[in-house]
Amino acid sequence: MEYRFPSPQIFNPPKPLNYSDSYVLKAIGQLDEKHEQSLQQMTPDLVKIYGVQGSWDEIVAQEMEFSPDTPSKIKEIWEKNVEMAKAQRQSIDPKEFAIHFISYYILQEKK
């Protein structure tokens, strides 16, 4: 008989931090449609888990205690970094930006 491990979600409900990279990608206009749709489909589960109403990104913002202007601030930082990279004839990968943004701006603040 094969033993199956229970789903990790049973023991560890998803934390908003797990969705923060998608939140950043949406803020900078780089979240692909397919991923956005899957996040929208998960919204009812997030509502149940966190007990708050809203879209997936509104739930993330509430649980992470983001201010209403957070998306515009993220986009401003993205645009500045894109311009700096262009000046050096380089480019920035949006997913890497999201990961670094979360690491630097969000995780550092939570310490």
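Ground rules first. Residues are numbered from 1 along each chain as its sequence is written, and side-chain values use heavy atoms, with hydrogens and water left out. Because this is a predicted model, local features need pLDDT of at least 70 and side-chain atom pairs count only at pLDDT 80 or more, while totals for chains, interfaces and linings use all residues.

Confidence next. pLDDT is the predictor's confidence in each residue, from 0 to 100. The chain has a mean of 83, and 80% of its residues reach 70 or more. Helix α5 scores highest, at 94. Helix α1, residues 8-11, scores lowest, at a mean of 41. Helices here are DSSP runs (H or I, at least four residues), numbered from the N terminus. Over residues 1-14 the pLDDT is below 50. That stretch has 5 contacts beyond near neighbours in sequence, a contact being heavy atoms within 4.5 Å. Where pLDDT is low, the predicted coordinates should not be read in detail.

Now the rings. The whole structure holds 3 aromatic pairs. Rings of Phe, Tyr and Trp (its six-membered ring) pair if their centres lie within 6.5 Å; planes under 30 degrees apart are stacked, over 60 edge-to-face, the rest tilted. Take Y23 and F66. Their centres are 5.0 Å apart and their planes sit at 45°, so this pair is tilted. Y23 is in helix α2 (residues 17-27) and F66 in the loop between α4 (56-63) and α5 (70-87), so the pair ties together parts 43 residues apart in sequence. Both Y23 and F66 are buried, meaning under 20% relative accessible area, against over 50% for exposed and partly exposed in between (1.4 Å probe, protein chains only).

Next, W78 and F97. This pair is edge-to-face, 5.0 Å centre to centre, with 65° between the planes. W78 belongs to α5 and F97 to helix α6 (residues 94-110), 19 residues apart. W78 is buried at 10% relative accessible area, and F97 is buried at 9%. With F101, they form one aromatic cluster.

Last, α5 itself. Its 18 residues reach 26 Å from first C-alpha to last. That is close to the expected 26 Å, which is 1.5 Å times one less than the number of residues. Which residues of α5 are buried? T70, I74, W78, V82 and A85. They cover an arc of only 105° around the axis, so they share one side of α5; the arc is taken from the directions from axis to C-beta atoms. On the other side, K80 and A87 are exposed.

Terms used: Helix = DSSP H or I, 4+ residues; strand = E, 2+ residues; numbered from the N terminus.
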